[in-house]
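Here's a protein to walk through together, starting with the overall fold and ending on one helix. Have a look at it first.

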Amino acid sequence: MKFFIVLICSFFPLLALEMITPIPDSIPYNKEKALLGKKLYMDTSLSKDKKVSCNTCHDIANFGVDNKIFSTGINGILDEPFHTPTNFNAVFNLSQFWRGNAKDLQEQAKSPLTNPKEMGLKDGNEAVEIVKSNAYYEKEFQRLYGEVTFDNIADALAEFQKTLLTPNSPFDRYLKGDKNAISEQAKRGYNAFLSNGCIACHQGQNIGGNMYQKMGVFVPYDNGTNWQGRYEITKDPNDKFVVKVPSLRNISKTAPYFHDGSMPTLDACVQFMAYYQLGKFLEQNVVDDIVAFLNSLTGEYHDSLK
């Protein structure tokens, strides 16, 4: 299917225009639960050493990332081998985490709390006891949910993450009809993005996040580790070295790149992906144009819960 899409986009790039759609200004969410979730998201008391919060790695003042190769969890532990992806616009992803091992934001929210490399709680029961010990949390959970449970903690965190949208990027405005919203170089870059087949994997509202793909389609990818991608979750041999395609939204703000954080710059990233994923070598002027297009994907985050 991937190769069919590449072929179509190479010869009929206008057909790909409908494959990227603007980010909406907002989506439905429960504001009171989101407010509670935001407080939990910022709260370091939900970590074993009382120093790490969700925001430590997914900084909402920094497009949902910390710009580190590997994030630092409790007691200074590096959370290898996965680079922390942004959680901005994550509600549009088909699943969460690089290997897709969480089906939605609620399931995703539980994992960092009990991951020994991240926030380090023993289990969900410990998270519940911490929340119950806070009079404000206890009152709000009783009011909004009827009780404090690990599922309800995750639900509040997920409800907050629904607000982490970045609409109104220059490219979104371009898609909506403002042909002066992006530069001529970015327009050339968008055409190159289409004609070279990048659109085959990076598409939809999130310009990614809606499919899994093998890392190293034309050239085998080896980063020197025993990492085997989605195969570690599914045990399906076809899933070896397969990851969820990352979103390109706000990509100029979320370096370094790839699941292992191995790529520091966008121009190197574009050339690398062309070679490993598309079997091509791009001239530097084409790379520069595509980077200009990628720079136009930075949207606007407005905290609706202040």
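In the protein chain, residues 24 or more positions apart make up 68% of the contacts with a separation of 6 or more, a contact being heavy atoms within 4.5 Å. Keep in mind that this is a predicted model: local features need pLDDT of at least 70, side-chain atom pairs count only at pLDDT 80 or more, and totals for chains, interfaces and linings use all residues. Residues are numbered from 1 along each chain as its sequence is written, and side-chain values use heavy atoms, leaving out hydrogens and water.

What about the overall size? The C-alpha trace spans about 60 × 45 × 30 Å along its principal axes.

As for secondary structure, you'll find twelve helices and two strands, read as DSSP runs (H or I, at least four residues, for helices; E, at least two, for strands) numbered from the N terminus.

Now zoom in on helix α2, residues 31-42. Its buried residues are Lys-33, Ala-34, Leu-36, Gly-37, Lys-38, Leu-40 and Tyr-41. What do the buried residues of α2 pack against? Their partners are α3 (54-57), α5 (124-132), α6 (135-144) and α7 (150-161).

Notes
The expected span of a helix is 1.5 Å times one less than its number of residues. Buried means under 20% relative accessible area, exposed over 50%, partly exposed in between (1.4 Å probe, protein chains only).
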